[in-house]
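Here are a few notes on charged side-chain pairs for you to look over. Have the model open while you read.

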Amino acid sequence: MVDKSCYWCEKGATSMEHVPPRCLFPQDKDVKHIFNKSFREHLITVPSCDEHNLQKSNLDEYLMVTLSGKVGNNALAYAQTLTKIERSRMRNSKLLDIVNNEIIKINDKELPVLWVNIDTEKLNLSFESIARGLYYHENNKSFKGKITIVSKLFNHPDDLEGTEFNIRASKMIESERRHWSTELKGENKEVFSYQFSQIDDFKTQTLALNFFEGIDVYVILNELTEKDYKEAKLKLSFLNKVFFGDLQ
């Protein structure tokens, strides 16, 4: 029994959960002979209740397989794809919804690529869990507000408006992030790093998540109350029209 409250719901905690999931970090047997480093040291843990422990554990393997295999990641992710990810796919052939296999050439090297349909609902829940865990880790309390997740990872030819929103919102955050004065954190940055922005006048801050030095996910954490929102509504509406008016 863990004598603390759950990072998500504040019920009594029964275990400690890794944030992000431990499975994202390669095992020594797979990569230490290549990189001469252990990537499972100094990992972040937070207290969790049974409900959120089980809910999260069912998503961890899917998150690992989806993120590690994305083109543009670093060599560590590629090594993970050839070892641990391949073992996961052999155990569960339905883990990924594979559309097509292809070979691409990068720097005169031919690399196998899988085209897959991504379950955005699963990924969003995983990213929300990570964000809530990191918020608890940094503030020693659960996050009570609203969460919005933005990433170019969710680009899809069948959802042009959603894709355009993610592209524009990501570019806005990337531009703002250059002016953040906060610390970039993560003991194993080759696998994962994160950075919180300052809290703005709308009681909002953005959490930047980076996986394998190639995937950026932004989590917007908004703690406006209903009263706060009504007072800020006109200004927020104006900003939405300026940046996203044609998508509304």
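1. Arg 87 comes out partly exposed, at 29% relative accessible area (that label covers the range between buried, under 20%, and exposed, over 50%, using a 1.4 Å probe and protein chains only). Its salt-bridge partner Asp 30, 2.9 Å away from N to O, is buried at 6%. A salt bridge here is a side-chain nitrogen of Lys or Arg within 4 Å of a carboxyl oxygen of Asp or Glu.

2. Where do Arg 87 and Asp 30 sit in the chain? Arg 87 is in helix H3 (residues 75–91) and Asp 30 in helix H1 (residues 28–35), so the pair links distant parts of the chain, 57 residues apart. Helices are DSSP runs of H or I with at least four residues, strands are E runs of at least two, and both are numbered from the N terminus.

3. Caveats: this is a predicted model, with pLDDT of at least 70 needed for local features and 80 or more for side-chain atom pairs, while totals for chains, interfaces and linings use all residues. Residues count from 1 along each chain as its sequence is written, and side-chain values use heavy atoms, leaving out hydrogens and water.

4. Arg 132 and Glu 128 also form a salt bridge, with 2.9 Å between the closest N and O atoms. They lie four residues apart in helix H4 (residues 120–139), which means about one helical turn between them.

5. Lys 185 meets Glu 138 in another salt bridge, 2.9 Å from N to O. That one joins the loop between helix H5 (160–177) and strand S6 (192–196) to helix H4, across 47 residues. Lys 185 is partly exposed at 25%, as is Glu 138 at 30%.

6. For the overall tally, searching the whole structure gives eight salt bridges.
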